[in-house]
Amino acid sequence: MTTVELRRLSAIVASQVGPAAHGYFSPLTNAADALINTEKDVARRRDAPMRGPLTEERRLEIAEEALLASPVGHVTVWAVYDRAMVSGMRAAVGPIVFLRPEWALPNAFDYELNEFPERDELREIRQDVRWLDDLHVESLKAENRLALARVDLGERQVAGAIEEAKRRIDAVLSIAVEAGGVSWQSVGTAAVMLDGKVRESSLGLALGGSSTSGDDYGVGVTAEVLASVADQLGDALKRGPMPEQLIEALTSLREARMTDHRDVIFYDARRVTPRVATALQDHAMELLASVLEVTPNRMATALARREALAQADRQTLGGLMGPFNAAWSREHHEMRRELERAISHYSAGFLVVSVAKAVALRDEIRELPMSVLQRADLEDAIAISTDPGRERQLLEGSWRETTVLRARHRRARNAINHGLPLSPTTLGSVRRYSDETSSAALQIALTWFKNGESGAALLEREERAWTERMARIDNGESWAAEKARDEASFSSE
């Protein structure tokens, strides 16, 4: 038996064992150490005292025990992230809890001003998890942005716990990054608890020195999105983790955003080309169709309908809000701010425009100073909002354009997947369509995960939105009239 043969056999064993084959505290590592380490080292790694001398036969017995008795129990993982911020001081996203260490650790170790659920546990593990004291010091430095994460993995093997915890954290963070927030950076420091006792822990805290200088906004966006994810998906994540295909889709879409993402601009993350981004989004769409248990073609058709409606809405709402854009560059008008507040507001970071109120105040809006182009866009938007015939014309044109984009996107996707030439002009013309439809597919999949509705029912809802809008137009009711009725009904509730 040679070293090469042993390595080949060990690779086969590792591939069969899975997570238990990796890591300093894995059963396979323990078994190997029992065979080759000194008697002193073997004794130190064992929970029970040694019985008699460490003979070759005893080494084999210990190795066999390690392989047959992989530790199983209630597993909890603590991990540290850099370039991170938590909205408030504590955020719970299902079984994952994010803490601000500059608040949590002083409250746990120094004084008792604030109670929180993890405080006693932090005190209990402090002696065995030595890096908590390092984190305590580093978190209080003004230049650091750190987060402490706790993941409750429930009943399972200890082997692979850190990897599984980070996989779940990364899935949640990918939602924030896809929405425009910056990526958190794992510092590689972690601790694993089994049935309330520390089973393994990193030796120290090694920060990479990544600075958030110049992008506190991006770090704050991630914190805000995480708070929203906690509200929207917390209960679903308590029921169980995301399926593997959804996590892989999130990872692919996160990577696809790296064409011009803040990670690229501020933190020198690897930039991906538009061609690679399109391929990643295509891969994510296949995965999301699998998650929803629908055919890719069915999903693509529903998303095309959704995008046609969204495109028409963007054009109309953009026209209504045109007189308020870049107002600083035009002469002052005392009613501008009041009118803008009357017809629009921000909700969850998105601008919400009331078509009904904009139409009701159209004469006042017309009095605002604006460019010739903005005035033309405003009048067109008012016509779309008040004339069902003009709205139908817009929607039919939007559907024709979306149909062309869908076919062009399919050709671009096939060229990319088969390594064929593709002109930058053609690729550039479908990039927005690819971005919008893949993001919409992700939102539908997250809704599926949250509510448990069938994928087919969710896609039917997207298609029904188009059908119902055209039916309203057929009945001669304008968009503004429908919205006025909806807002009146909402106000009376």
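A: **Charged pairs and their surroundings**

Let's start with a group: Asp 313, Glu 391, Arg 469, Arg 472 and Glu 482 are linked in a network of salt bridges. A salt bridge here is a side-chain nitrogen of Lys or Arg within 4 Å of a carboxyl oxygen of Asp or Glu. Before going on, keep in mind that this is a predicted model, where local features need pLDDT of at least 70 and side-chain atom pairs count only at pLDDT 80 or more, while totals for chains, interfaces and linings use all residues. Residues are numbered from 1 along each chain as its sequence is written, and side-chain values use heavy atoms, with hydrogens and water left out.

Searching the whole structure turns up 32 salt bridges. One of them joins Asp 474 to Arg 392, with the closest N and O atoms 2.2 Å apart. Asp 474 belongs to helix α20 (residues 455-474) and Arg 392 to helix α18 (residues 388-417), so this pair ties together parts that are 82 residues apart in sequence. Helices (H or I, at least four residues) and strands (E, at least two) are DSSP runs, numbered from the N terminus.

How open are these two partners? Asp 474 is exposed, at 53% relative accessible area, and Arg 392 is partly exposed, at 25%. The words have cut-offs: buried means under 20% relative accessible area, exposed means over 50%, and partly exposed is in between (1.4 Å probe, protein chains only).

Arg 58 and Glu 61 form a salt bridge of 2.9 Å, N to O. Both lie in helix α4 (residues 56-68), three residues apart, which is about one turn of the helix. Arg 58 is buried, with 6% relative accessible area, whereas Glu 61 is partly exposed at 39%. Another salt bridge brings together the side chains of Glu 102 and Arg 100, at 3.9 Å, N to O. Of that pair, Glu 102 is partly exposed, with 30% relative accessibility.

Back to helix α18, which also holds Arg 406. This arginine is buried, at 18% relative accessible area. Setting aside neighbours within four places in sequence, Arg 406 is in contact (heavy atoms within 4.5 Å) with Asn 297, Ala 300, Thr 301, Ala 304 and Tyr 433. As for Gln 281, 125 residues away along the chain, its C-alpha atom is separated from that of Arg 406 by 14 Å.

What about the nonpolar side? A nonpolar core is a set of buried Ala, Val, Leu, Ile, Met, Phe, Trp, Tyr and Cys residues joined through side-chain atoms within 4.5 Å. The largest one has 61 residues, and Phe 98, Trp 184, Met 242, Leu 246 and Met 299 have the most contacts inside it. Apart from neighbours within four places in sequence, Met 299 is in contact with residues including Met 285, Leu 288, Ala 441 and Leu 459. There is also a second, separate core of 26 residues, with Ala 308, Met 321, Val 353 and Val 359 among them.

Last, a look at two loops. Most residues other than glycine have a negative phi. Arg 83, though, has a positive phi, near 55°. Arg 83 sits in the loop between β1 (72-82) and β2 (90-93), and is buried at 5% relative accessibility. Asp 195 has a positive phi too, near 50°, and is found in the loop between β5 (185-194) and β6 (197-201).
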